[in-house]
Amino acid sequence: MSDDVQEAVRALRAGGLIGLPTETVYGLGADASNELAVRRIFAVKGRPSNHPLIVHLASVAVARRWAAGWPDEADALAAAFWPGPLTLILERSPLASDAVTGGQDTVGLRVPDHPLALELLRTFDGGVAAPSANRFGRVSPTTAQHVRDELGADVEVVLDGGPCRVGVESTIVDLSGRAPRLLRPGGVAREAVERVLGRPVPLASQATDVRAPGMLASHYAPRAGLWLVTAEALAGEVSSRLASGAKVAVLAARGVPVPAGVTRFEVEDEDAAYARALYATLREVDARGLDVVLAVPPPESGVGLAVVDRLRRASAPRA
Ligand code: TXA
Ligand code: MG
């Protein structure tokens with residue numbers, strides 16, 4: 001086992017916070033059974049304490065202990081997508097404290113698909129509560145350096161697992177009600193979830209689920225202003241922004257023609273590539289001091305649904 005993993009396990013056991021690589025984004029992890037440690041996550045993130053956290057586990061067998069019941073649909077989804085970018089919301093067992101669940105009767109569970117995360121979770125032999133390792137409302141980190149830049153000394157150990165393969169957060173499916181609902185589109189395509197369950201999984205409405213911060217209108221936001229633009233409207237939009245003196249970035253797939261005078265961020269013409277590049281690009285836009293991002297979104301299918309969701313929230317008016 002690597003020294004880093006051992007150090008991270010020691011930090012968790014001592015109630016400290018760690019930077020946890022996963023296939024989606026980096027997490028800010030604490031021992032999910034240690035309420036004080038979990039409360040430190042909220043303090044460091046600046047996140048309201050009634051917002052629940054996802055508990056990360058090494059296997060389905062361990063995950064089951066955190067849920068009061070394990071419906072057939074949880075079995076089917078876990079078999080199909082774990083380890084992987086899917087979070088299941090289930091009725092909680094007594095292992096899941098109010099600190100983790102935000103006082104709700106349900107708990108979010110996920111087995112991440114990253115070798116270092118799995119090694120850590122197996123060695124730690126418990127649940128790790130982890131939101132994305134960014135300050136509340138900001139862009140999620142997809143490299144270890146992002147975590148260090150954003151959280152600095154507030155996190156004791158950052159495990160470096162390289163750049164995240166998926167790049168957007170897990171898909172959240174709520175199985176605690178009568179019918180499954182999609183609380184957040186993410187790394188597992190909604191179509192794939194529906195195929196496994198053999199029924200439609202409607203997107204939960206924002207009004208009824210304000211406690212999922214990923215569902216707040218403004219979230220995942222860079223400092224620069226962000227606008228969604230169609231490929232057709234891009235040229236006109238660019239020229240009016242340039243005319244007002246703004247430093248303009250354009251985020252678009254390779255095939256989209258982009259006018260001169262802007263900083264172009266090009267992604268492969270594929271929704272998974274867009275997802276992988278999204279957050280690092282938004283950080284880079286801020287690092288370069290650009291004022292405006294014009295994003296040409298991918299189609300809203302597959303992981304493209306999550307990309308468009310994040311772009312919309314990043315473009316929403318800020319509070
Ligand atoms: O990919 C991911 O899910 C990443 C990595 C680190 O695993 N984590 C992540 O955590 O995105 P966070 O805290 O940034 O977003 C978790 C979302 C929040 O919107 C939270 O409200 C929701 O999951 N959630 C957690 N437990 C819940 C519950 N019991 N009921 C409803 N929503 C829940
Ligand atoms: Mg987050």
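This is a predicted model: local features need pLDDT of at least 70, side-chain atom pairs count only at pLDDT 80 or more; totals for chains, interfaces and linings use all residues.
Me: Which residues are closest to ligand 1?
Reply: A residue counts as near if one of its heavy atoms lies within 4 Å. Here 26 residues surround ligand 1, and the closest are Thr24, Arg47, His56, Ser170 and Arg184. Residues are numbered from 1 along each chain as written, and ligands from 1 in the order written. Local features need pLDDT of at least 70 and side-chain atom pairs 80 or more, while totals for linings use all residues; side-chain values use heavy atoms, without hydrogens and water.

Me: Which side chains make polar contacts with ligand 1?
Reply: A polar contact is a pair of N or O atoms within 3.5 Å. Among them, His56 has a polar side-chain atom 2.6 Å from a ligand oxygen. For Ser170 the distance to a ligand oxygen is 2.6 Å, and for Arg110 it is 3.1 Å.

Me: Which strand gives the most to the shell around ligand 1?
Reply: Strands are DSSP runs of E, at least two residues long, numbered from the N terminus; helices are runs of H or I, at least four. Strand 5 gives the most, with 4 residues.

Me: What lines the second largest pocket?
Reply: On a 1 Å grid over the protein atoms alone, a pocket is an open set of points with protein on both sides within 12 Å along at least five of seven lines; a 1.4 Å probe is used, and lining residues have an atom within 4 Å of a point. The lining includes Arg138, His146 and Asp286. Helix 7 (144-151) and helix 10 (271-287) each give two or more residues.

Me: Where does the second largest pocket lie?
Reply: Domain bounds come from an automatic or database assignment. Domain 1 (3-197) and domain 2 (225-315) both give lining residues, so the pocket lies between them.

Definitions and conventions. A polar contact is a pair of N or O atoms within 3.5 Å; within protein, one must be able to donate a hydrogen and the other to accept it, and residues adjacent in sequence count only if both atoms are side-chain atoms.
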